[in-house]
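Try each task before reading its solution.

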Amino acid sequence: MELGKDLEHKCDEEHLRELEVFSLEKRTLKGDLTALYSSLKGDCSQVEFGLFSRMSRNGPKLHQFSMDIKKKFFTQKNGNALENLFSPELNASTDINSSKLTRYRVCCCCAALRPRYKRLVDNIFPEDPKDGLVKADMEKLTFYAVSAPEKLDRIGAYLAERLSRDVVRHRYGYVLIAMEALDQLLMACHSQSIKPFVESFLHMVAKLLESGEPKLQVLGTNSFVKFANIEEDTPSYHRRYDFFVSRFSAMCHSCYPDPEIQTEIRIAGIRGIQGVVRKTVNDELRATIWEPQHMDKIVPSLLFNMQKIEDIDSRIGPPSSPTGGEKEENPALLAENCFRELLGRATYGNMNNAVRPVFAHLDHHRLWDPNEFAVSCFKIIMYSIQAQYSHHVIQEILGHLDIRKRDSPRVRAGIIQVLLEAVAIAAKGSIGPTVLEVFNTLLKHLRISVDFELGDRRSSAGSATFSTSSKESDERIVQNAIIQTIGFFGSNLPDYQRSEIMMFIMGKVPVLGTSQSLDTSHLGDLGTRRIQIMLLRSLLMVTSGYKATTISNALPAPFLDPLLSPSLMEDSELRQLVLEILHNLIDRHDNRAKLRGIRIIPDVSDLKIKRDKISRQDVSFMKKHGQQLYRHIYLGCKEEDNVQKNFELLFTSLALTTIELANEEVVIDLIRLAIALQDIAIINEDNLPMFNRCGVMALVAAYLNFLSQMIAVPAFCQHVSKVIETRSVEASYFLPETIFKDKCDLPKSLEKHEKDLFFLTNKIAESLGGSGYSVERLSVPYVPQVTDEDRLSRRKSIVDTVSLQVDILPGNNTEDKIDNTEEITFEALKKAIDNNGLEEQEKEKRRLVIEKFQKAPFEEIAAQCETKANLLHDRLAQILELTIRAGGVATGIHWDSHG
């Protein structure tokens with residue numbers, strides 16, 4: 001009863017197996033073999049009722065078959081073997097025969113003695129391999145494998161054995177049949193017992209890939225791709241694909257003589273790599289292909305095939321999206337798709353391993369110059385990876401730029417161009433700490449490039465060879481690429497980040513007398529100037545399109561002060577860049593394009609100027625920093641190297657200030673500034689060339705014409721129009737349309753000109769006073785303030801160039817100043833204000849002051865400041881005393897220091 005309970009849920013076969021009794025199949029086989037032996041001895045009746053008793057319906061055919069068994073199916077040798085097997089000595093009893101049958105099991109003369117899985121496998125192979133796989137028998141084999149999955153490993157091993165033998169014997173027809181059978185079994189069986197079968201399958205694929213026959217390599221690849229698309233129930237962490245990565249990578253570089261076969265092999269290699277990627281990258285615990293030794297094979301193989309289409313295609317426009325057929329036939333497009341898929345599956349920890357082989361490939365094949373393929377590769381990378389990983393790629397590019405910093409300029413320019421394309425894609429995304437790192441690295445390489453350029457120039461001094469000029473031009477390419485990258489990256493950042501970048505770049509601009517983090521001391525004056533120009537050009541690109549809600553956000557004091565410092569330098573290009581940067585920041589309504597070019601505008605309303613009411617924050621800004629802006633415009637007009645562009649930019653600066661920041665108080669200040677500029681040209685204390693004097697007069701005319709129409713005071717407009725009409729008749733060189741022509745006749749002097757050609761302060765005061773403007777301050781001439789910045793700049797000190805004007809009587813007009821001026825020189829003034837210090841001494845003093853303020857105690861600093869304040873008061877008292885001694889009541893007193 002206990003035995004029955006254990007076997008009650010099992011079939012008959014399992015009952016017999018548990019009881020260690022012959023199964024039904026084996027017992028039937030025993031009886032059949034016994035009947036067969038009797039037939040061979042001549043007793044056919046036993047054959048009829050024994051071996052074929054289950055087929056009695058066949059009638060006469062069965063009898064005829066049984067009578068001819070010995071004659072047709074057994075030779076004498078086989079009969080002797082059976083006779084020996086069932087000899088009387090060994091056939092003493094039924095039990096002995098049974099044990100013998102079990103021991104020998106397979107008889108060399110009878111197919112029924114082979115294991116069933118082998119018989120099923122053998123049956124799928126036809127006599128002629130051209131007939132292909134026997135489908136009926138293949139269905140039987142598949143059904144058997146699904147019904148008995150524990151036999152899969154044996155089926156796979158036997159198929160592998162047959163396939164290996166057929167490969168060695170070059171029976172490729174049977175090889176094709178074996179692989180087809182394997183593919184069908186693989187697709188049909190999805191159980192846990194498939195793993196041993198997979199090992200046999202991969203072993204067979206490896207055999208095919210190792211063969212030198214292209215057809216077998218393609219066949220093995222196709223089978224592997226089918227296997228890669230199968231999702232297994234449980235992963236096999238022990239399984240590795242090192243061999244397949246190496247072999248598929250080698251196939252991607254195939255150099256087979258026949259071009260068609262070569263393309264076919266390369267396509268197979270790319271598809272094999274794609275299969276490996278799909279099979280391994282999804283599970284992080286599985287043996288991964290992200291390791292460097294695998295990526296160093298996969299990535300160059302894909303890039304090698306992608307490069308082929310770059311060599312053939314001119315790349316004039318973007319490539320059209322290929323159809324499905326083209327993707328399969330074109331190795332380059334297939335490799336690109338595989339490369340995109342690989343990068344799309346890359347995670348945070350694997351990104352660097354996937355990108356570094358790209359640099360190695362581009363270096364090895366010298367693809368940085370020209371860099372079209374390098375740019376296209378990194379565009380694919382940036383668009384394929386996840387957005388949050390973009391900064392990894394940018395950091396890798398920056399690191400590679402550091403590694404190749406000693407290479408030729410064109411190679412470095414190619415890398416920088418790739419960086420430009422990368423940051424253009426990543427700038428609007430999340431790039432985290434990479435922002436400042438990008439700018440810092442680029443500025444460092446900017447300094448290196450300038451150093452290389454100046455070093456080549458010094459080494460070839462006196463021998464202007466072609467190679468040297470070529471190197472200099474190549475370095476200029478690098479520098480322009482760096483500037484373009486800095487500017488483009490900054491211009492695509494959000495406003496809150498852009499303001500920080502503006503401060504960062506401005507802090508790198510070398511300004512004499514200030515500390516900057518970019519070391520340019522070894523570059524000399526020429527190198528420092530090159531750095532200043534390039535950094536200001538990059539800052540100009542960063543500020544392009546910047547729209548701040550208030551002007552104080554766009555021009556904070558820590559940014560405005562160092563920005564205006566270069567405007568005092570004796571370099572017209574530097575001053576132009578500073579003014580253009582100011583335009584970008586002040587112009588919040590895109591009016592600058594409408595004001596381009598200095599001219600007399602007949603009707604300002606035709607320009608359709610956009611403006612808003614000035615805010616309180618902007619009013620506060622002008623009260624704090626307005627005089628600073630006026631001062632730099634004033635001094636900028638006095639530079640001898642000014643050209644037409646400088647005057648155009650100065651006019652635009654005045655016009656934009658009027659549009660964006662002018663209230664009634666600012667309008668009065670701007671008019672005072674314009675009259676002061678007119679006095680510069682008339683009095684000519686700085687000995688300016690005649691072109692500059694006429695240019696300043698034209699600037700004042702163009703601006704007052706614009707201002708009068710903007711504030712719309714009829715009397716003011718009438719006075720300005722009258723002066724302009726008089727000039728057009730008597731002195732057209734005072735108008736911008738004439739003075740800035742290529743050929744213009746200039747006057748020899750301006751002293752003999754009539755007052756009608758000038759804008760008069762009393763006339764302007766009368767016209768504005770009737771409209772409610774507070775004109776009391778118009779009678780006080782504009783005088784720029786003296787600051788330390790003038791002494792530290794590369795121009796003459798403000799004390800040497802600006803007259804100290806004192807008006808005692810109210811109502812003093814400009815026309816009176818022209819005739820009633822007294823020039824007095826005081827040697828004592830030179831003693832009172834010491835400005836003979838050399839530039840280097842001033843720089844060293846400033847460094848010592850900064851160091852002292854950083855380290856000295858507060859009490860010592862306070863005492864020193866008090867001493868300096870007392871000294872300043874004493875010197876001002878001396879000046880006042882000298883002024884009183886000059887005696888008399890005068891309309892205007894001017895001192896000129898001739899030091």
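**Exercise 1.** Is Arg410 buried, partly exposed or exposed?

Before the solution, a word on the model: it is predicted, so local features need pLDDT of at least 70 and side-chain atom pairs count only at pLDDT 80 or more, while totals for chains, interfaces and linings use all residues. Residues are numbered from 1 along each chain as its sequence is written, and side-chain values use heavy atoms, leaving out hydrogens and water.

*Solution.* Step 1: recall the classes, where buried means under 20% relative accessible area, exposed over 50% and partly exposed in between (1.4 Å probe, protein chains only). Step 2: Arg410 has a relative accessible area of 40%, so Arg410 is partly exposed.

**Exercise 2.** Find the salt-bridge partner of Arg410.

*Solution.* Step 1: look for a side-chain nitrogen of Lys or Arg within 4 Å of a carboxyl oxygen of Asp or Glu, the definition of a salt bridge. Step 2: Arg410 meets Asp474 this way, at 3.3 Å from N to O. Step 3: Arg410 sits in helix α23 (residues 409–426) and Asp474 in helix α25 (residues 466–491), so the pair ties together parts 64 residues apart in sequence; helices here are DSSP runs (H or I, at least four residues), numbered from the N terminus. Step 4: with a relative accessible area of 11%, Asp474 is buried.

**Exercise 3.** Describe the salt bridge between Lys226 and Asp183.

*Solution.* Step 1: their closest N and O atoms are 3.7 Å apart. Step 2: Lys226 belongs to helix α14 (residues 214–228) and Asp183 to helix α12 (residues 172–188), 43 residues apart. Step 3: Lys226 is partly exposed at 42%, whereas Asp183 is buried at 10%.

Key. Helix = DSSP H or I, 4+ residues; strand = E, 2+ residues; numbered from the N terminus.
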